[in-house]
Amino acid sequence: MQCASLTSVAGVAPKPYFWLGKETLRVAAELFALNRTRLCDRLRANKDVPEKSIVLLQGGEQTNRYCTDTGIIFRQESYFHWTFGVTEADCYGAVEVDSGHAILFIPRLPESYATWMGKIHPPEHFKQKYAVHEVRFTDEVSSLAYSAFLFQRGVNTDSGSVTREASFDGISQFTVNNTILHPEIAECRVIKTDMELEVLRYTNKISSEAHKEVMKAIRPGMKEYELESLFEHYCYTRGGMRHTSYTCICGSGHNSSVLHYGHAGAPNEKTIEDGDMCLFDMGGEYYCYGSDITCSFPANGRFSPDQRAIYEAVLKSSRAVLSAVKPGVSWPAMHRLADRVHLEELTKIGILQGNVDDMVEVHMGALFMPHGLGHFLGIDVHDVGGYPEGVERIDLPGLRSLRTARDLVQGMVLTVEPGIYFIDHLLDEALANPAQACFINNEVLARFRGFGGVRIEDDIVVTANGMELLTCVPRTVEEIETFMAENQASTKSFASQKS
Ligand SMILES: [Mn+2]
């Protein structure tokens, strides 16, 4: 990382920012100062916060592969990143609630560090780099003198895992509260500031371009992982994105109905066949801010009639949701809207038959879209705050997979990702259930066995009276076919380079 400073103009202090040079985005350290201010404002308004409190967070730690000394590329813990924007491992950070005074604690590095890892920077370096008020060493955390410490402890409602509370030698002598902070800081993260939105626009712009590069280069005969590699290459070379927000999902043919394809047991290894639909779900991450985009398209650039029908059904639900989104709208209502459009369209195609209201009663929507319509996006791809106290998960098929059941508020960033999938074991279950089987035309359905699935996933910001679309990729059938035909003619694919 370069940590450049703007040239200081007479009397004006230089403003530090994160920047990876070239066309990459400059992110001012002010972004995190504002986050801290917002957090302190909330905490001061909370009557349960003791006087003279200080927030203490522990940053992520550098880890190695199993028992070896091979380091794993470090990525900062998300709450710590939101609060301080610090890219180094093994730090602590503190914020005085009353004053907003921010203290960063850095590890006291041994001299051998200078031999193997590079220059050891003094505290003053980090004070300027991150625009905090004070920098001390981590062995000085226990010398902090405050009457109450607010620690971060709470459940991540997507994973069920508990955040790791700060711990250090001498902790037992402090008065610690570990219940107040977590809901407050999670709530801050739900609403994005303008500076955060700038970063999310950037991650979406680069990731959208990377998806387009993939659509230009793809040819039947290639391996799915070649496109994963191309996506990551584009994001890193052009966007400074060393990380992706999640493991790339590059499903082709029948793999496109495997919702979390691409994991170690199914690592994007299939050969892409002529006639396959592709479902590529990939998002680049810059300075810990993510993106989450899915493009579905035919590998050969031309939709078959069945592929077009399913794709246009999903596009219709996607666009219906994008038009309906605005502050005050409930997210489960948007999920139900997408389900209803799918059922109507599947009836037109002939896979379903009967009354759509009756299909809704028996949750036919979840048969084709078992996942939630979308989720918060930010520093985490499944960003926090989906189920604060008072918001209950709806325990019904499909809806129970939603990562939030909240009403929309301006400044929330979400994915909108409806999909229709043909998943054999779900279809067989439905056919064995008379309450659902009566709506299915099995003869038509048989044609779609092995089809895979279609998902269209865009990232949006909820605005004052609607939404802003962050993702920009070809979306209609005509746009996709034209884009692939025009660009494939002029792009030499990786596959053709081999021969
Ligand atoms: Mn997603």
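1. pLDDT is the predictor's confidence in each residue, from 0 to 100. The protein chain of this predicted model averages 95, and 96% of its residues reach 70 or more. Local features need pLDDT of at least 70, side-chain atom pairs count only at pLDDT 80 or more, and totals for chains, interfaces and linings use all residues. Residues are numbered from 1 along each chain as its sequence is written, and side-chain values use heavy atoms, without hydrogens or water.

2. Treat the ends of the confidence range separately. Helix H16 (residues 494-498) has the lowest mean, 50, and strand S17 (residues 458-462) the highest, 99. Helices (H or I, at least four residues) and strands (E, at least two) are DSSP runs, numbered from the N terminus.

3. The whole structure holds 33 salt bridges. Each is a side-chain nitrogen of Lys or Arg within 4 Å of a carboxyl oxygen of Asp or Glu.

4. Asp-383 and Arg-189 form one of these, at 2.9 Å, N to O. Asp-383 sits in the loop between helix H11 (365-368) and strand S14 (413-416), and Arg-189 in helix H5 (residues 181-190), so the pair ties together parts 194 residues apart in sequence. Asp-383 is buried at 3% relative accessible area; Arg-189 is buried at 2%. Buried means under 20%, exposed over 50%, partly exposed in between (1.4 Å probe, protein chains only). Arg-189, Lys-192, Asp-380 and Asp-383 are linked in a salt-bridge network.

5. Glu-345 and Lys-348 pair at 2.8 Å, N to O. Both lie in helix H9 (residues 331-349), three residues apart, about one turn of the helix. Glu-345 is buried at 12%, whereas Lys-348 is exposed at 61%.
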